[in-house]
Amino acid sequence: MEAIRWDAATLYLLDQTRLPAEEIWLSYTDYRAVAEAIKTMVVRGAPAIGVAAAYAYCLAARAGENLAEARETLAASRPTAVNLFWALERMASCKGDLCAEAEAIHKEDIAMCRAMGEHGAAVVPAHARILTHCNAGALATGGYGTALGVIRAAHSAGKVDMVYADETRPLLQGSRLTAYELVSDHIPTTLIADNMAASLMRAGRVDLVLVGCDRMAANGDFANKIGTYSVAVHAQHHAVAFYTVLPCSSIDLSIPDGSHIPIEERGADELRSIGRIQTAPPDVAVWNPAFDVTPHNLLTGIITEKGIIYPPFRENLGRLFGTS
Ligand code: MRU
């Protein structure tokens, strides 16, 4: 499964706002339209946003646009996932063929997901029952997925009895995208509403939690889809192992801890309605942060393409990047 395709001078994105009901590919030749697609979540998930932005930068270069302006427009699309800024920085500092660089970012992302899958599968016990939140799959990356990459690798090794997919309110990435990916791959899947995770753990039906990451600070605190923090608290309470799975491009060593991660707040109507059905008074006040920060002390380990990092996270992340 994939959500991003590149063909000579055109970027194609699978419209994730329409899944799973309709599989519609949209084509892009203008970087501004790609920025809008990131904003409106036609393409979403931290690594996928980075890949799409890299191709958009390349589209801007091909069209002879002002690249500083293109970078600024793309950077303003979504604030939390650091992969967007990482990819734009890499494109801006590229001296060679920009389209080849975007393709390299895309290919490397898939290779990193495969490596995370291999490393992560080692911590998955036999007959594992795994809970995941949001969508950290092929649709959220260049392909294969981070948390779902580990699940795919562990499933291929015959270790997965069940994956519980949190529905993930308000935009339902868990039910619309994660369940869709897992069912397409014939991986045993059970969908739950977000408020069922604690009871499932209490019933002894979860062996480990695997989630993605949008930005990790130098001390291991990390932002992921809203609701991840409460899953982590519940996992600790029930002594369930809790891992985040991420490429090193999701790590932001320039910030010391999670309090520095900008958290995107989205529109009120995402909570006042589901699709076209109104589910709340139209004038009720709404708080709608798209992400939350999970403190590093709730993490069992961090699964990256370079291996698994265990506490103390600040020291071990520093060692990974050669800064300590
Ligand atoms: O708002 P979204 O759908 O872009 O949020 C996605 C997530 O929070 C994912 O878990 C995260 O990007 C990791 S994707 C490999």
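**View 1. A charge over a ring at Arg 114 and Tyr 144.** In this predicted model, the charged end of Arg 114 sits over the ring of Tyr 144. The distance from that charged end to the centre of the ring is 3.9 Å.

**View 2. A charge over a ring at Lys 306 and Phe 321.** Here the ring belongs to Phe 321, and the charged end of Lys 306 sits over it. The charged end lies 5.8 Å from the ring centre.

**View 3. The stacked pair of Trp 6 and Tyr 55.** Two aromatic pairs are found in a search of the whole structure. In the pair shown here, the ring centres of Trp 6 and Tyr 55 are 4.8 Å apart and the planes are at 15°; with planes under 30 degrees apart counting as stacked, the pair is therefore stacked. Trp 6 belongs to strand β1 and Tyr 55 to helix α2, so the pair ties together parts that are 49 residues apart in sequence. Trp 6 is buried, with a relative accessible area of 15%. Tyr 55 also counts as buried, at 2% relative accessibility.

**View 4. The tilted pair of Phe 222 and Phe 242.** The ring centres of Phe 222 and Phe 242 lie 6.4 Å apart and their planes are at 40°, so this pair is tilted. Phe 222 is in strand β9 (residues 222-225) and Phe 242 in strand β10 (residues 241-245); the pair links distant parts of the chain, 20 residues apart. Phe 222 is buried, at 0% relative accessible area, and Phe 242 is buried at 1%.

**View 5. The largest nonpolar core and the surroundings of Leu 11.** The largest nonpolar core has 41 residues, of which Ile 4, Leu 11, Leu 13, Tyr 28, Val 34 and Met 91 touch the most other members. Elements giving two or more residues to this core include β1 (4-7), β2 (10-14), α1 (31-39) and α7 (173-184). Helix α2 gives the most, with 12 residues. Leaving aside neighbours within four places in sequence, Leu 11 is in contact with residues including Ile 4, Trp 6, Tyr 28, Val 34, Ala 52, Tyr 55 and Leu 59. Another core, of 26 residues, lies apart from the largest one; among its members are Ile 192, Phe 222, Leu 298 and Phe 313.

**View 6. Ser 93 in the loop between α4 and α5.** Ser 93 lies in the loop between α4 (82-92) and α5 (98-121). A polar atom of the Ser 93 side chain is 2.8 Å from the backbone oxygen of Glu 89. Ser 93 is partly exposed, with a relative accessible area of 43%. From Ser 93 to Leu 299 the separation is 206 residues in sequence and 34 Å in space, C-alpha to C-alpha.

Methods
Residues numbered from 1 in each chain as written. Predicted model: local features only at pLDDT ≥ 70, side-chain atom pairs only at ≥ 80, totals over all residues. Heavy atoms only, no water. Helix = DSSP H or I, 4+ residues; strand = E, 2+ residues; numbered from the N terminus. Buried < 20%, exposed > 50% of the residue type's maximum accessible area, 1.4 Å probe, protein only. Polar contact = N/O pair within 3.5 Å; in protein donor to acceptor, adjacent residues only side chain to side chain. Core = buried A, V, L, I, M, F, W, Y, C linked by side-chain atoms within 4.5 Å. Contact = heavy atoms within 4.5 Å. Phe/Tyr/Trp six-rings, centres within 6.5 Å; stacked < 30°, edge-to-face > 60°. Lys NZ or Arg CZ within 6 Å of the ring centre and 35° of its normal.
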